[in-house]
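Reader: I would like a close look at one part of this molecule. Please keep it brisk.

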Amino acid sequence: MNTAVLSVRGLRVEFPGLGYTVQAVRDCDLEVGAGEVLGLVGESGCGKSVTALACLGLVPAPGHASGSIKLCGHEVIGNTERALGELRGGTAAMIFQNPNAALNPFFTVGHQLTHPIRLHRGLRRAAARAAAVEALQAVRLSDPELALDRYPHQLSGGQLQRVMIAMAIASRPRLLIADEPTTALDVTVQAQIIVLLRELAASTGLTVLFITHDLGVVATLCDRVAVMYAGTVVEQGPVGAVIGSPAHPYTGKLLGAVPKIGQGRGELASIPGQVPNLAAPPSGCAFHPRCERASSSCEQQRPAPHAVEGPHLAACHHPLAPTAAAAGAR
Amino acid sequence: METLLQVRGLSKRYRTRHGLVRAVDEVSFELEAGRTLAVVGESGCGKSTLALALLRLVTPDAGSVVFEGVDFGAIGEARRHRMRRHLSVVFQNPYSSLNPKMRVRDIVGEPLRTVGLRGPALYEKVAEHLAEVGLGREYLKRYPHEFSGGQRQRIAIARAIALEPRLLILDEPTAALDVSVQAQVLNLLRDLQRRKGLGYLFISHNLAVVESMADEVLVMYLGRAVEIGTVREIFRAPLHPYTRALLDSVPSTDPALRDRLRPLSGEVPSPLNLPPGCAFAPRCPYARDDCVAARPALEARGSERRVACFHPFTEETLQ
């Protein structure tokens, strides 16, 4: 993991509104190494999806991104549409939560799948169709030839998500950005997709930025995890370290709030209060109003990320001690 | 314990252009007061139709629903309407279940109006119910858009308990919420149950949530009950291969257990014109010839469990 496929530095995304500006992403730093699966986890409104869109220069107007995003060495922010067009799909591809909304209902799967292949790989019609079949075989869709002539409504949610993954990997991108691709699926199908992505990452060396709110999916799929809160990454590191011994109180609380199989019946730890309004984010550490460890320094000064142990980073003035944190998460 | 709800052979069929859909097919269960029965299964397994049929928001084709000793099918619409105040429902999406044009006091006050409350007494009662779900009276005049998802679900719960029901049907009440807020709402529901002795029919696809909330669980597949029993027993030792597959599909939050994830092959088939055998047979790794030929009935295995399978797991084969 010496070369970063994606490197995000000091990313800020703002959405100006009437009388207030929503700071959706506030100084986000991220790095995804080649062949790595990074989980970006957080609750709704924490800025994880906007960060993903910014990586492809897709922040919707009137949003404005600043900072630096490098995709395989190419700067995304401020680059021309023409250059971005080549990065999108070719260098980095994206899949979304709802495959039904991402596919055009008026065209066959084959039509939609071969289009990007012809565009990015310069293949002729017949060769593109063969490549599409190959991509559908790679995502283990049964009867790929048959599926190509189907319209999206004729396939199930799980099949459509496979088609989306096939479409994304068919143009052989370096990076796959997956925005909650399993959230709309049933658990059994979600498990299939997790195993599929795991195999693709292992066999083709695909780099994945996986956005989710589900810590179970992160623990099962990802190598590293970055936890986002109120537009910024509060903790990141190897999955085992972050989940086994969280350093940021938010990560600890989040882990405690997830019901786990085998835990039995009983009260769940909840986080008091709610996610802050990003039009007026709290001063200092954004988590301080909900944190029982907060002191006056948390209110005044925004903590910078510092190493907890090796590659495990946390942005907290009063991080959890390793042993206490591990106990608190259970 | 008194039996609150007794359901026998409940069925709902839909005739479509393409064939017959047995959305709910001969489902039977009982629920005691103060206890929680969870209904789990994948989308399209009939769990929501089951809830609608219980409330008679759709008319069942067969079977009986006996609530506190009264058979819903045998009484007239007027009496059923009066009985209905004892059953209430909370839906999945608090963004669509609350009327955006109504103030909180009118949303929660609406059921109270139907029993004749008006004026200051009405708003006093509304404030009381809001307090029960942890919302202050300063919210009375607000509109739904001023609230977060968790708060909206609290408002929906306040409305559901406004007429002091005995049974609450919770249709995926936390599926649209974030985990930290989900925990708050689940804790609130558990607390309300303890204080009021409510019976819960808890519909969910999240098995971890089910384990933390329910006493008993009913596993459905394509409209049929395939396994029913106590949460403790079923989560410890699932006997139906489908229940086992569901449990094996839940990703663990422990990275050391990531290889335990064992996905089931295939997907839920079309509910149209199901074959005569066990509906799960095409996906079942343990299916044999007899599974395709005939449909297994729900049979007792041990004192607290019923399973619809010709070749269920036993304590030994589970190991």
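How many residues of domain 1 of chain A are in contact with domain 2 of chain A, and how many residues of domain 2 do they touch? Please take me through that interface.

Author: Note at the outset that this is a predicted model. In contact are 19 residues of domain 1 of chain A and 22 residues of domain 2 of chain A.

Now the area. About 1,800 Å² is buried between domain 1 and domain 2 of chain A. Carbon and sulfur atoms give 60% of that. Three residues stand out on the domain 1 side: Leu215(A), Tyr229(A) and Glu235(A). They supply 37% of the area that domain 1 of chain A buries against domain 2 of chain A, more than any other three residues.

Next, the polar side. Between the two domains of chain A, 17 residue pairs are in polar contact. The interface also holds one salt bridge. The side chains of Arg302(A) and Asp27(A) form a salt bridge, at 3.4 Å from N to O.

Which elements build the domain 1 side? β2 (21-33), α9 (215-221), β9 (224-229) and β10 (232-238) of chain A each supply at least two residues. β10(A) gives the most, with seven residues. By class, this side of domain 1 of chain A has twelve nonpolar, three polar and four charged residues.

Technical notes. Residues numbered from 1 in each chain as written. Chains lettered and ligands numbered in written order. Predicted model: local features only at pLDDT ≥ 70, side-chain atom pairs only at ≥ 80, totals over all residues. Heavy atoms only, no water. Contact = heavy atoms within 4.5 Å. Buried area = accessible area lost by both parts, 1.4 Å probe. Salt bridge = Lys/Arg side-chain N within 4 Å of Asp/Glu carboxyl O. Polar contact = N/O pair within 3.5 Å; in protein donor to acceptor, adjacent residues only side chain to side chain. Helix = DSSP H or I, 4+ residues; strand = E, 2+ residues; numbered from the N terminus. Nonpolar A, V, L, I, M, F, W, Y, C, P; charged D, E, K, R; others polar.
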